Amino acid sequence: MNVDGEILAECAAGSANIYSAFDKAFETVSRLIADVYLQANLPFESSACTSVVLGLAGANVESYRQCVQKALKGFAHMKVVSDAEIACVGGHLGESGAVLITGTGSQGVRWDGTQFSRIGGWGFSLADQGSGAILGRRAVRCALQAHENLIEPTALTRKIMSQFDNSPEQMLTWSTNATPADWGQFSPTIFHYAELGDVVATQLVRKTASEIDQMLDYLTHQGENGATLMGGLAKPIVPWLSPRNQAVLIDAKGDALDGALILSRLSCEYI
């Protein structure tokens, strides 16, 4: 996009996570930048007067963010932000507000118009509270406990155990290599049974809702600012949230691309 707001070129590629796969992500970004210049019929030398904004998964890890900034040189201005940060700016079209992503993982961002505040984004082992992956893992654990008569079995626990042929050994083998996405696949089933009043499912969803409430309280200053929920749990979790947080939820006004363009224009003001 030029200074007049005219879009000169648009290119697309696959995912790019600089924390989990830095080399692949950097290759993707480099190729996209080259393709944009080619499509716009601009010489690469014009990078000297170009402002670049990159919204990348994994960029919440500061050391990896800095690696990208150091590796991409020759631009008038370079800003690297996380995918959540760029979604936050776009979701509120540059105005102050917050975004909480509650999908397989979880991450929250608050934007005050000039800078970000962040929570989460530290992965399945350390964080991801209020996420589908953590919800799914808790449900599988409950299913195993019910199978061993440590807690009362319910329709949900029986359903989950049946997916492993009622075999803890099969469950163990599966869990050894299970990814966060594998754990998260149980989320729709859990919400379904919670709506039917299943005791275990209800407890699990309420626990997830309480974790999301906690993050929303921080992001919205206890309800002072609006917030947008994004991700696979964004819609089904709303009825389970506190009335205060249900009241502060607002729909996104834009997307991540809008966020990139807004941050780019802000960057140009300081070049």
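Student: How do the residues lining the largest pocket divide into nonpolar, polar and charged?

Tutor: They divide into 30 nonpolar, 10 polar and three charged, where Ala, Val, Leu, Ile, Met, Phe, Trp, Tyr, Cys and Pro count as nonpolar, Asp, Glu, Lys and Arg as charged, and the others, Gly among them, as polar. This is a predicted model, in which local features need pLDDT of at least 70 and side-chain atom pairs count only at pLDDT 80 or more, while totals for chains, interfaces and linings use all residues. Residues are numbered from 1 along each chain as its sequence is written, and side-chain values use heavy atoms, with hydrogens and water left out.

Student: And which element gives the most to that lining?

Tutor: Helix 12 does, with seven residues; helices (H or I, at least four residues) and strands (E, at least two) are DSSP runs, numbered from the N terminus.

Student: Is asparagine 41 buried or exposed?

Tutor: Asparagine 41 counts as exposed because its relative accessibility is 69%, given that buried means under 20% relative accessible area, exposed over 50%, and partly exposed in between (1.4 Å probe, protein chains only).

Student: Where is asparagine 166, then?

Tutor: Asparagine 166 lies in the loop between helix 5 (155–162) and helix 6 (168–176), has a positive phi of about 55°, and is partly exposed, with a relative accessible area of 45%.
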